[in-house]
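User: I'm new to this one and would like to learn how to read it. Could you walk me through it?

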Amino acid sequence: MKKITLLTAFSLLASFANAQEYSTNNIVIKQDNQVFNIYDAEQTIKLRPAEFSIEYLNKPYQEKKNLFYAAQALVTDSTVDTNLQEGVRIDNIPYFEPGTGFAAEKNQVIYYPFLSSDGHQYLYYVSNKDKRVEKTGTSNNWDIYKWTLKGVYQYDAEMDWNIYDNTEVNIILIIDRNLDGILQKGEFFNIHIDFQK
């Protein structure tokens, strides 16, 4: 009986450790049955060189106002110098300044983001009209969005993570949830991913 109770307790602890928790102060990274709840503005995690996803809360597109709540992502192969801290204007951050965003084809969910040290890409969802991420559900007044990364676009080709020629990738994600153009707690994340083979 004690063994069964201990096994049940360990199973519950393992499920709590791997349970996703969506809030406006975090993002969730998933790979297979691994779940990482990222609350720190800067964090390093270890993943296999295989597909993973980043999930986050944001407000839905407001069609009548033509108002996008787009996240912005910079994907690089090494650490870049950005001034990510509360109170900084997004327009003043290198790689996120006006004119540095990459255009993408309509209705294309980007599974292979541009590996770039020049600029970012926009992640948004407009029902069936135009989207760069998937909507996977809702949480209170927020939508849950999922950005799946199968690899990167490098050397004019899509490269899966298992043939990517580096053991790390850095992703800076900015989610300006109130559209004030200023970084606030829970709106910016610098994720350093180490690939473990």
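**Reading the model step by step**

Analyst: Happy to. Keep in mind that this is a predicted model. Of the elements in the protein, strand E1 (residues 27–31) has the highest mean pLDDT, 96, while helix H1 (residues 2–18) has the lowest, 44. Over residues 2–17 the pLDDT is below 50, and that stretch has one contact in the model beyond near neighbours in sequence.

User: Okay, next: how many residues of strand E4 are buried?

Analyst: Buried means under 20% relative accessible area. In strand E4 (residues 52–58), seven of the seven residues are buried, so the strand is largely enclosed by the rest of the structure. Both faces are covered: Phe 52, Ile 54, Tyr 56 and Asn 58 are buried on one side, and Ser 53, Glu 55 and Leu 57 on the other.

User: Which strands pair with E4?

Analyst: E1 is one of them, pairing with E4 in the antiparallel sense over three bridges; there, Ile 29 stands opposite Ile 54. Strand E10 (residues 142–149) also runs antiparallel to E4, joined by seven bridges, and Glu 55 stands opposite Lys 146 in E10.

User: And the aromatic rings, how do I read those?

Analyst: Look at the distance between ring centres and the angle between planes; planes under 30 degrees apart count as stacked. The structure holds seven aromatic pairs. In one of them, Phe 52 and Trp 161 have ring centres 5.7 Å apart and planes at 25°, so the pair is stacked. Phe 52 sits in strand E4 and Trp 161 in the loop between E12 and strand E13 (168–175), so the pair ties together parts 109 residues apart in sequence. Phe 52 is buried at 1% relative accessibility, and Trp 161 is buried at 1%.

User: Last one: which residues have a positive phi although they are not glycines?

Analyst: Among them are Tyr 95, with a phi of about 80°, and Asp 156, at about 60°. Tyr 95 is in the loop between strands E5 (71–76) and E6 (121–123), and Asp 156 in the loop between strands E11 (151–154) and E12 (157–160).

User: Is each of those buried or exposed?

Analyst: Tyr 95 counts as buried at 19% relative accessibility, whereas Asp 156 is exposed at 69%.

Notes
Residues are numbered from 1 along each chain as its sequence is written. This is a predicted model: local features need pLDDT of at least 70, side-chain atom pairs count only at pLDDT 80 or more; totals for chains, interfaces and linings use all residues. Side-chain values use heavy atoms; hydrogens and water are left out. pLDDT is the predictor's confidence in each residue, from 0 to 100. Helices (H or I, at least four residues) and strands (E, at least two) are DSSP runs, numbered from the N terminus. Contact means heavy atoms within 4.5 Å. Buried means under 20% relative accessible area, exposed over 50%, partly exposed in between (1.4 Å probe, protein chains only). Two strands pair if DSSP finds at least two bridges between them. Rings of Phe, Tyr and Trp (its six-membered ring) pair if their centres lie within 6.5 Å; planes under 30 degrees apart count as stacked, over 60 as edge-to-face and the rest as tilted.
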